[in-house]
Amino acid sequence: MKDLVEIRWHGRGGQGAKTAALLFADAALASGKYIQAFPEYGPERMGAPVASFNRISSEPILLHSGVSNPSVVIVLDPTLTESIDVTEGMPDNGVIIINTGKCPDAIRKELDIPGGIKVFTVDASGISKETIGREIPNTPMLGAFVKATGMLDFKEMLEDTKKKLEKKFKNKPEVVAGNIKAIERAYNEVRSQ
Amino acid sequence: MAKSNILARTGNEAMAEAMRQVNPDVVAAYPITPATEIVQIFASFVADGLVDTEFVPVESEHSAMSACIGAASAGGRVMTGTSSQGLALMAEMLYIAAGLRLPIVLSDVNRALSSPINIHCDHSDTMMVRDSGWIQIFSENAQEAYDNMVQAVKIAEAVKLPVVVTTDGFIISHGMERIEILDDAEVKKFIGDYKPEHYLLNFEKPITVGALDLTDYYFEHKRQEIEAMKASTPVIIAVGSEFGKKTGRSYGLFEKYKMEDAEAVMIAMGSTAGTAKVKIDELRAKGLKAGLLKPRVFRPFPKEEIADALKGAKAVAVMDRSDSMNAQEGPLCLEVKAALYDKAANKPVLNYVYGLGGREIKPEDIGTVFDDLFEASKGKEKPGVSYLGVRE
């Protein structure tokens with residue numbers, strides 16, 4: 001499993017860290033990859049810190065242990081960094097994408113992130129408020145993620161996510177449109193150093 | 001493989017999907033973490049009219065299995081799902097389902113038993129009911145969970161025994177993976193129509209179900225159940241091979257991974273087997289001869305086959321995800337050691353099953369055992385297991 005990529009999503013209960021991992025896995029599957037998506041089951045209270053995980057590979061994935069050295073980390077809630085080491089276990093050449101209005105330089109200094117790790121930031125909360133009408137940062141972070149890692153074809157991912165959302169929100173087409181807009185904006189607005 | 005047959009599904013979704021395709025006559029179930037979704041998703045299939053199933057929401061797992069037993073006795077194809085404390089609460093009825101030879105299929109999402117209260121994976125629940133007369137099939141991942149559920153229906157109905165298919169709680173039940181499914185029509189064809197031989201709703205041939213059976217015939221009926229369990233082995237193999245011809249995914253009693261020349265062999269069931277394979281690949285890359293034997297069928301336990309498969313091994317580690325509380329080893333290790341003992345023992349240990357249902361044990365029965373023992377001590381071959389006092 002040479003091309004195995006492990007991913008960790010940090011969020012707070014209710015922000016959609018689990019859903020984001022599932023949506024991403026589904027999109028990766030549609031592109032022909034083998035996938036895993038699983039949440040960390042613990043204190044699943046609204047607002048409590050939660051994490052979810054992905055494994056993506058072009059070969060069957062046999063590992064059924066937790067993910068402890070993710071090469072990609074996505075942080076849905078910037079306030080989590082006060083209580084959690086979001087870079088824990090990351091390799092030197094990892095990628096971290098944080099939902100914040102701040103620029104990558106400021107975040108790197110603030111969290112003392114080692115030089116090898118690439119830092120990306122995007123104001124996913126702001127984007128989701130404007131496009132969906134509520135603070136739901138998970139779908140825009142998908143867009144930022146695809147831009148930052150180049151792991152999936154953006155158009156295919158967008159199409160696949162749209163299909164999934166249309167199924168989930170059969171009677172709320174405005175939710176689907178808002179989410180798609182949010183993903184596109186985050187894809188275009190994500191910043192690197 | 002058509003793209004529409006490749007899906008991202010959790011273990012629970014995969015099992016529910018298999019149940020949808022089987023389209024059983026009756027599902028009676030009570031939700032419990034981490035198996036809740038199986039029941040919930042299946043209930044939505046019923047509500048959406050995707051299945052013809054009579055769904056019976058009950059007030060407990062004891063009632064769930066009771067309703068399953070009633071429906072299966074009536075002649076229906078019946079399925080359910082549970083976990084942990086739910087399986088424990090079913091225990092009384094599990095024995096009854098097996099004794100009545102009802103081909104019910106149950107998905108059990110493996111979870112620890114209380115106390116202390118814990119919702120996460122271990123195999124204590126399935127192990128607790130390992131002697132209940134249910135065929136037990138373990139799954140490594142969501143794909144196997146789906147495949148095993150489909151095969152379980154065919155196996156159960158062929159041998160007239162209930163089958164439990166397990167997945168590891170949360171690790172598989174809530175982990176989304178890539179799975180390949182069959183078309184609905186293919187599943188239907190594979191399992192065929194269920195034509196029970198004896199059933200309550202057959203007014204041409206009325207039967208009694210669950211009659212009192214004291215010292216006069218209980219032992220003989222139990223013996224038949226034991227023989228049915230033994231006879232299920234070739235059926236399980238045949239169904240696994242037929243499934244393989246259809247899908248490219250063949251199944252046997254256990255899987256051998258890099259066992260050909262393995263010196264250090266691990267035995268592990270469920271999701272840990274996958275993680276072990278990754279580690280074994282790493283060890284092999286370093287030139288170390290590591291291998292894995294993954295039991296799929298725990299009941300009936302493939303004793304001789306496993307002993308044969310371990311012939312070349314120099315050391316064996318048995319991974320038990322449950323404990324037998326001061327039995328000599330965990331339940332899987334006890335089975336493996338016993339299987340190996342018979343192949344290499346310096347003295348025969350004979351097993352006599354006796355006195356079931358109050359069958360009297362007489363001095364002459366004890367005498368027969370000693371006759372056997374003295375003959376065996378002189379090197380005469382004797383059966384490993386005998387049923388003492390049963391009428392043949």
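Leaving aside neighbours within four places in sequence, B:C68 is in contact (C-beta atoms, placed from the backbone, within 7 Å) with B:A28, B:V78, B:T80, B:A97 and B:I104. The model is predicted, so that local features need pLDDT of at least 70 and side-chain atom pairs count only at pLDDT 80 or more, while totals for chains, interfaces and linings use all residues. Residues are numbered from 1 along each chain as its sequence is written, and chains are lettered from A in the order in which they are written.

B:C68 is among the residues with the most contacts inside the largest nonpolar core, which has 88 residues. Such a core is a set of buried Ala, Val, Leu, Ile, Met, Phe, Trp, Tyr and Cys residues joined through C-beta atoms within 7 Å, where buried denotes 20 or more other C-beta atoms within 10 Å of a residue's own. Because domain 1 (3-247) and domain 2 (255-344) of chain B both contribute residues, the core lies between them; the domain bounds come from an automatic or database assignment. A second, separate core of 60 residues includes A:A20, A:A21, A:I107 and A:I127.

An open sheet of 9 strands with mixed pairing has the order 7(A)-6(A)-5(A)-4(A)-1(A)-3(A)-2(A)-8(B)-1(B); pairing requires at least two DSSP bridges. Strand 2 (residues 34-39) of chain A pairs with strand 8 (residues 176-180) of chain B in the antiparallel sense over 2 bridges.

Terms used
Helix = DSSP H or I, 4+ residues; strand = E, 2+ residues; numbered from the N terminus. Buried ≥ 20, exposed ≤ 12 C-beta atoms within 10 Å, placed from the backbone. Contact = placed C-beta atoms within 7 Å.
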